[in-house]
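Here are my notes on this one, as numbered points. Have the viewer open while you read.

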Amino acid sequence: MPTSQERPIRATGGCLCGSVRYTIRGAVRDVWACHCILCRRLHSHFGAYAACDPADLEIAPTNKLRWYRSSPTARRGFCSKCGAQIFWDGKGSDHISIAAGTLNEPTGLKLIKHICVNQKGDYYEIADGLPQAGQEPDRL
Ligand SMILES: [Zn+2]
């Protein structure tokens, strides 16, 4: 078995100021747009997240990374210097979600669905024809 350091890099990214950077060595899920009130408060509009297996994610350095418990079942990782929202980590989840805007391009990813649409803002419509799900809040 190759060690994790020898596995090919699938994606990289980081926060606005570059204090928090990450590398993903493994499959990256396509992007979900989450319209829950928590994402909307945090991101100013809906949240857009890719995801990966937590074992495939390397975060470095971590001294500026902070975690905010956004609900009883999840926490959000952000940069304490620039404030960028980077990660969603759900209790018992088999994946960690990565804010799509923090990925370096080309991502090779696509927006594939909308979730928590029952909590979307009243000032916009979702009209791109992609699948929509109600879903419980804070499950990215
Ligand atoms: Zn930063």
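Which residues point one way from strand E9, and which the other way? Point 2 has the answer.

1. Ground rules first: this is a predicted model, where local features need pLDDT of at least 70, side-chain atom pairs count only at pLDDT 80 or more, and totals for chains, interfaces and linings use all residues. Numbering starts from 1 along each chain as its sequence is written, and side-chain values use heavy atoms, with hydrogens and water left out.

2. From E9 (residues 96-99), Ile-96 and Ile-98 point one way, while Ser-97 and Ala-99 point the other, and all are buried (under 20% relative accessible area; exposed is over 50%, partly exposed in between; 1.4 Å probe, protein chains only). Strands here are DSSP runs of at least two residues, numbered from the N terminus.

3. E9 runs antiparallel to E4 (residues 47-52), joined by four bridges, with Ala-50 partnered to Ile-98. It takes at least two DSSP bridges for strands to count as paired. E8 is also antiparallel to E9, through three bridges, and Asp-89 stands opposite Ile-96. Five residues separate E8 and E9 in their hairpin, and Gly-92 in the turn has a positive phi of about 75°.

4. Now the metal: the SG atoms of Cys-15, Cys-17, Cys-79 and Cys-82 coordinate the zinc ion at 2.3 Å (donors are N, O and S atoms within 2.8 Å of the metal, or 3.2 Å for Na, K and Ca; water is not among the atoms, so sites may look incomplete). The site is tetrahedral because the donor angles are 107 to 114° (the criterion for four donors is all angles between 85 and 135 degrees).

Definitions and conventions. Four donors count as tetrahedral if all angles lie between 85 and 135 degrees; four count as square planar and six as octahedral if opposite donors are over 155 degrees apart and all others between 65 and 115; anything else is irregular.
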